[in-house]
Amino acid sequence: MLFIQYPKCSTCQKAKKWLDAHNIPYTERHIVENNPSYAELEQWHKKSGLPLRKFFNTSGLLYKDMHLKDQLPAMSKEEQLKLLATNGMLVKRPLLISQDGILVGFKESDWAEKLL
């Protein structure tokens, strides 16, 4: 499993502690140092079945500074994926990528249902 996170993010820290507490093995990836590529994001989006907007970190400063709430509805899927691939701080985190699916963000009940 690939655990994509930002170490300073409190939600990512909670998710990591949860994974460790349940002895779930994972490989860590720093979302800013190793930003997801367009191809990865496209693949994960398809695999997740979620709307693409769920992959945006809507509470992040960069999202707000760029006024993306107003811009995203007018952007194509391709434009949105390209934008996400430019900066890891735009991507909702943590992301947990497994062969069985994708978990975006951390909600303990969802993770428990999918992983335990």
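Me: In what order do the 4 strands of the open sheet stand?
Reply: The model is predicted: local features need pLDDT of at least 70 and side-chain atom pairs count only at pLDDT 80 or more, while totals for chains, interfaces and linings use all residues. Residues are numbered from 1 along each chain as its sequence is written, and side-chain values use heavy atoms, with hydrogens and water left out. Strands (E, at least two residues) and helices (H or I, at least four) are DSSP runs numbered from the N terminus, and two strands pair if DSSP finds at least two bridges between them. The pairing in this open sheet is mixed, and the order of its 4 strands is 2-1-3-4.

Me: Over how many bridges do strand 1 and strand 2 pair?
Reply: Gln-5 stands opposite His-30 in strand 2. Strand 1 (residues 2-5) and strand 2 run in the parallel sense, and they pair over 4 bridges.

Me: At what angle to strand 4 does helix 6 run?
Reply: Axes are lines fitted to C-alpha atoms, for helices over the stretch in contact (heavy atoms within 4.5 Å). Angles run from 0 to 180 degrees between N-to-C directions. Helix 6 (residues 108-115) lies across strand 1, strand 3 and strand 4, and its angle to strand 4 is about 165°.

Me: Which residue forms a salt bridge with Glu-28?
Reply: A salt bridge is a side-chain nitrogen of Lys or Arg within 4 Å of a carboxyl oxygen of Asp or Glu. For Glu-28 the closest N and O atoms are 2.9 Å apart, and the partner is Lys-16. The pair links distant parts of the chain, 12 residues apart: Glu-28 is in strand 2 (residues 27-30), and in helix 1 (residues 10-21) is Lys-16.

Me: Is Arg-29 buried or exposed?
Reply: Arg-29 meets Glu-40 in a salt bridge (2.8 Å, N to O). Glu-40 lies in helix 2 (residues 38-48) and Arg-29 in strand 2, so the pair ties together parts 11 residues apart in sequence. Buried means under 20% relative accessible area, exposed over 50% and partly exposed in between (1.4 Å probe, protein chains only). At 10% relative accessibility, Arg-29 is buried.

Me: Why are Lys-82 and Glu-78 separated by about one helical turn?
Reply: Lys-82 forms a salt bridge with Glu-78, with the closest N and O atoms 3.2 Å apart. Both residues are in helix 5 (residues 77-84), and the separation is about one helical turn because they are 4 residues apart.

Me: How far apart in space are Ile-97 and Cys-12?
Reply: Ile-97 lies in strand 3 (residues 95-98) and counts as buried at 11% relative accessibility. In sequence, Ile-97 and Cys-12 are 85 residues apart; in space, C-alpha to C-alpha, the distance is 14 Å.
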